[in-house]
Amino acid sequence: MFMQALLEQHIKEALNSLHQVNLENVEFQATRKEFEGDVTVVIFPMLRQVKTNPVALGEAIGSYLVENVDVVERFNVVKGFLNLVINDTFFLQQFKEIKDDAHFGFVKSTEESPSIMVEYSSPNTNKPLHLGHVRNNLLGYAVAEILKAAGNTVFKTQIINDRGIHICKSMLAWQKYGNGETPQTTGLKGDKLVGNYYVKFDQEYKAQVAELQNHGKTEDDAKAEAPLLLEAKKMLLQWEAGDEEVVALWKKMNQWVYDGFEITYKNLGVDFDKNYYESDTYLLGKEVVQEGLEKDVFFKKEDGSVWIDLTEEGLDEKIVLRSDGTAVYMTQDIGTAIQRVKDYAINGLVYTVGNEQDYHFKVLFLILKKLGYEWANHLYHLSYGMVDLPSGKMKSREGTVVDADELMQEMTKTAQTISEDLGKLEGYTQDEKEELYETIGLGALKYYILKVDPRKRILFNPEESVDFQGNTGPFIQYTYARIQSILRKANFDYGQDVVDYTLDPKEKEVMKQLQLFPEVIQQAATQHSPALIANYTYDLVKEFNSFYQNVSILGTDVEIEKVFRVQLAKTVAQTLKNAFGLLGIQVPERM
């Protein structure tokens, strides 16, 4: 924040002048509401270098600032806290610089900017996306947008798990029981259709296991010997051998799934710059493992399998190649990381993956460092917790997983019900109503998930998320729409700069909150936390609503007040729109 940077310089000068001390840094915090002031300097840390009374030191620094710094009007000291009152001229000058900047707070990337890749979604092609994928996609997309706004060059990617026994299970079940049905003949999205056959495989497989057990087999033997599983394993071998018929079926069914995913991604409002496919990458790391063996990063066991010993780092031994020479997930991830750096010349990578994979990524990052890749110091696992629903809420037809498409439809319906109950939709066409329901419903879903620290588990309550009061997406959207209504009624020129003006305390509070936006973007990027952006918007809305309820905007008779307050409202709206854009949330012009 510019004000703090300016003050820090002068406070250091004060300490040098008063006590001949070179202070390394100055700690600031927001002034508590019960005291007068716009920014507070914390005196206590300075006492390590200046042996004196904290109140006396605060008084001395405050007097120095009032005498030597134009923007500091007066001060007060409460124990070890120096509260500074900044003059209106400073705030008005700052506001002049941001009010017409549509991208205030955003930093443009340059050729020298770090290039970061963000991986998210990364689904399997044997079932549709579910509630867990929703949190993953929303987090990954928002973090990518925030990193971009903080001045980085960003690439969005996913690795699609399109091979393996689970894929063959869907293929085999469709081949056996599908009667040639397609997304076109059934009217089902392709990912739903393929997912149904994954479920079908499981049902038939369990029936076969039960049958074998009835004929005297143990449960373990029955599971291993069920004909359906043996056929799926055979199909996987055929795929790996390039069998034309199996590969053609694999391509056809995977394409159905990709077409289905595309619809879900579009509805969710997320996108990707590049897709990686496990079928292309699963062998990538084998060459690297061989190089690592030669460098003694890895070692070979008697059975021929290759491992890495991480016991000195507090972890254990980890396999990177099986005894038969086949790759494990770790092998693939090593190779894929190296390939991505080659493809995009990136120097940072963010993996958006659930917290059950924390150990996997610790190991992966360590291996890449031991292999000598400098960029491995800039890898980050965006680890997140599960999303739960209150019992009985929005269960999917299978009763186990909450389908992403159904969740979005339910959210739109919930928004419709609440909006109709509020009865504020006179004059809307049916198309406008439907667009509004979707904007509110998806905004509620996204905000509810993103306002929580990624590491925390979430209990997602659909009705609570669409509340028009409190820390919710619709509450913030409603404030934006309210400001648009003010701007539509402002039938006068409010473009001129306001210079000679005495600020109302409520106006000043809004301006202080606005000025925090660039800093919040940088913090959110550093911490990979969209929650910081979400909760900033709520704080801004609270300050604006307090101003709106206590200060007349269009009703004042003083022309300069009317002009300034409309400018302030417009800047708040633009900042809300920009902040929500980072979260992938739209704002409605009317509500």
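User: Which residues gather in a patch of negative charge on the surface?

Analyst: In this predicted model, local features need pLDDT of at least 70 and side-chain atom pairs count only at pLDDT 80 or more, while totals for chains, interfaces and linings use all residues. Residues are numbered from 1 along each chain as its sequence is written, and side-chain values use heavy atoms, with hydrogens and water left out. A patch is built from residues with over 30% relative accessible area and no salt bridge, like charges being joined within 9 Å, and Asp and Glu count as negative. The negative patch on the surface is formed by Asp431, Glu434, Glu435 and Glu438.

User: Is glutamate 438 buried or exposed, or does it fall in between?

Analyst: Glutamate 438 sits in helix H16 (residues 430-450), helices being DSSP runs (H or I) of at least four residues and strands (E) runs of at least two. Buried means under 20% relative accessible area and exposed over 50%, with partly exposed in between (1.4 Å probe, protein chains only). Because its relative accessibility is 41%, glutamate 438 counts as partly exposed.

User: How many salt bridges does a search of the whole structure find?

Analyst: Side chains of opposite charge can pair when their charged atoms come close. Here a salt bridge is a side-chain nitrogen of Lys or Arg within 4 Å of a carboxyl oxygen of Asp or Glu. Over the whole structure, the search finds 35 salt bridges.

User: With which residue does lysine 33 form a salt bridge?

Analyst: The closest N and O atoms of this pair are 3.2 Å apart. The pair links distant parts of the chain, 510 residues apart, with lysine 33 in the loop between strand E1 (28-29) and strand E2 (39-42) and its partner in helix H21 (residues 530-550).

User: What parts of the chain does the pair of arginine 163 and glutamate 240 tie together?

Analyst: Arginine 163 forms a salt bridge with glutamate 240, their closest N and O atoms being 3.4 Å apart. Arginine 163 counts as buried, at 14% relative accessibility, and glutamate 240 as partly exposed, at 40%. Since the two residues are 77 apart in sequence, the pair ties together the loop between strand E6 (153-160) and helix H5 (165-177), and helix H9 (residues 227-240).

User: Where do glutamate 219 and lysine 223 lie?

Analyst: These two residues form a salt bridge whose closest N and O atoms are 3.2 Å apart. Glutamate 219 and lysine 223 are four residues apart, about one turn of the helix, and both lie in helix H8 (residues 219-225).

How values were computed: Patches are made of residues with over 30% relative accessible area and no salt bridge: like charges are joined within 9 Å, nonpolar side chains (Val, Leu, Ile, Met, Phe, Trp, Tyr) within 5 Å. Accessible areas come from the Shrake-Rupley method with a 1.4 Å probe; for residues, only the protein chains shown count as cover. The place of a charge is taken as NZ of Lys, CZ of Arg, CG of Asp or CD of Glu.
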